[in-house]
Amino acid sequence: MTTDIAIDVFEEHRSVLMGVAYRMLGRVADAEDVVQETWLRWSGADRSDVCEPRGYLVRITTRLAIDRLRQVQSRNEAYPGPWLPEPYVTDYAATVPDTAERAVLADTVSLALLVVLESLSPLERAVFVLREAFGYPYADIAAMIDRAEPAVRQLAGRARRHVDERRPRYEVDPGERRALTEKFLAAAEDGDLAGLMALLAPDVRLVGDGGGIGKAPVRVLETADRVGRFVHGAAGKGLLDASLRFMEINGGFAVVLVSGGEVDSVFQLDVADGLVQCVYIVRNPEKLLSVAAVKP
């Protein structure tokens with residue numbers, strides 16, 4: 001395989017490798033580092049006996065991501081305040097015509113799921129991602145992580161049960177999410193506390209990630225009263241030269257707040273039964289770089 005062909009093959013599979021690495025790590029920069037290291041190993045390897053390049057590359061990426069995850073897991077233990085994954089700009093609505101496949105991809109990269117995946121072991125997380133997001137057979141996963149197939153099945157079952165027990169399941173209709181988000185923004189902008197409260201589920205949660213840098217609640221807010229009053233108060237303070245951008249982030253409709261020409265925060269809702277179930281706000285500037293890099 002010539003160098004030019006090796007580059008073409010790698011670029012053909014780059015988006016898949018990035019998808020695996022990001023779901024494993026929840027951090028765009030770390031995922032990009034892993035994909036770059038995969039390229040270095042691919043470009044320097046003897047590729048003469050590689051029959052299935054995609055599987056070969058995914059195996060390298062998975063093993064590197066497991067190693068990286070083991071190194072960085074202590075980050076979140078000392079993280080100031082609630083932790084959310086780094087927002088990941090997706091474009092499934094434009095690039096994945098099959099609505100069923102699009103729904104699976106969006107679900108496996110959602111903020112709600114990635115928060116739960118943080119509590120899995122690196123091997124459990126790898127098996128879950130490869131099986132649930134990319135549909136790999138257990139035998140292939142076993143070869144990728146160098147484990148026996150029965151052990152992989154046990155890891156998969158344990159991860160699946162853990163996720164099912166801890167992740168709220170919202171069947172989010174993209175149109176409903178967008179419509180409810182727009183109503184939410186309008187009520188906040190108008191200072192309409194009653195209108196805000198009418199959109200919130202009684203047990204709604206607000207998770208704000210400021211990373212100790214951006215201003216955000218230091219703990220998760222719960223109940224419609226607390227969340228409504230917080231949003232009402234925050235909207236009332238306003239920001240300098242503020243504007244909104246709408247993007248697909250982590251597989252769903254999201255709002256990017258820009259202030260003074262800089263990305264200030266990313267805002268996304270989980271909705272079900274016509275009500276807001278969870279509000280996610282990322283204001284840690286270190287987690288907004290990849291969003292800021294996307295030109296409107």
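Which residue forms a salt bridge with glutamate 124, and how far apart are the closest N and O atoms? I found arginine 158, at 2.7 Å. My rule for a salt bridge is a side-chain nitrogen of Lys or Arg within 4 Å of a carboxyl oxygen of Asp or Glu. The pair links distant parts of the chain: glutamate 124 sits in helix H7 (residues 122–133) and arginine 158 in helix H9 (residues 149–166), 34 residues apart. Helices (H or I, at least four residues) and strands (E, at least two) are DSSP runs, numbered from the N terminus.

Ground rules, before I go on. This is a predicted model, where local features need pLDDT of at least 70 and side-chain atom pairs count only at pLDDT 80 or more, while totals for chains, interfaces and linings use all residues. Residues are numbered from 1 along each chain as its sequence is written, and side-chain values use heavy atoms, with hydrogens and water left out.

Next I checked cover, calling a residue buried under 20% relative accessible area, exposed over 50% and partly exposed in between (1.4 Å probe, protein chains only). Glutamate 124 is buried at 11%, whereas arginine 158 is partly exposed at 41%.

I looked up another bridge, between arginine 283 and aspartate 264, with 2.7 Å from N to O. This pair also links distant parts of the chain: arginine 283 is in the loop between strand E6 (275–282) and helix H13 (289–292), and aspartate 264 is in strand E5 (residues 262–272), 19 residues apart. Aspartate 264 is buried at 15%; arginine 283 is partly exposed at 22%.

Glutamate 37 and arginine 41 both lie in helix H2 (residues 28–44), four residues apart, or about one turn. Their closest N and O atoms are 3.2 Å apart. Glutamate 37 has a relative accessible area of 29% and arginine 41 has 44%, so I noted both as partly exposed.

My salt-bridge count came to 20. I also noted a network linking Arg27, Asp30, Asp33, Arg68, Glu118 and Arg125.

Stepping back, I have 13 helices and six strands. The radius of gyration, taken over C-alpha atoms, is 20 Å, close to the 19 Å that the globule rule (2.2 Å times the number of residues to the power 0.38) gives for 296 residues, so the protein is as compact as a globular protein of that length.
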